[in-house]
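Hello,

Here is the structure I promised to pass on.

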Amino acid sequence: MRLFILIMYLMFYTFLPNTYGYDFNFRDMKNYKDFLFTNSMKSIIASNLNNLKIMAIKICGNDVYKNKKKCMFKLVDEKIIIYKLENKERFIYDIKSNFLNKIN
């Protein structure tokens, strides 16, 4: 019975429709330091690095480089998905327009 419930939960979680069409699972999400290392060669990140740093500090706090368990980041279609772990808040940051949107 427990195995059945676990399988049903995983199927439900996997096939849930994404909010705003973005995937919020943790497979591809990284902490800020690893996110920058992985995406630093992309022109959209390199040209807006200062805005990205200001936004990350605003959401995750001053220890964004040190604290690996506070926020997770993912780049999707020139937008950054941020998941704040401590209170499970989700944000989408549009790099081009420098606009931060909170998703409930």
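Predicted model: local features only at pLDDT ≥ 70, side-chain atom pairs only at ≥ 80, totals over all residues.

Residues are numbered from 1 along each chain as its sequence is written, and side-chain values use heavy atoms, without hydrogens or water.

The pLDDT (the predictor's confidence in each residue, from 0 to 100) averages 79 over the protein chain, and 75% of the residues score at least 70. Confidence is lowest in helix H1 (residues 2-14), with a mean of 59, and highest in strand E3 (residues 89-94), at 91; helices (H or I, at least four residues) and strands (E, at least two) are DSSP runs, numbered from the N terminus.

Now to the cysteines. The structure holds one disulfide, meaning a pair of cysteine sulfur atoms within 2.5 Å. This bond joins Cys60 to Cys71, with 2.0 Å from S to S. Cys60 lies in helix H4 (residues 49-60) and Cys71 in strand E1 (residues 71-76), eleven residues apart. Cys60 is buried at 2% relative accessible area, and Cys71 is buried at 3%; buried means under 20%, exposed over 50% and partly exposed in between (1.4 Å probe, protein chains only).

H4 also buries Leu52, Met55, Ala56 and Ile59 along with Cys60. Just after H4, Gly61 takes a positive phi of about 100°.

Best wishes
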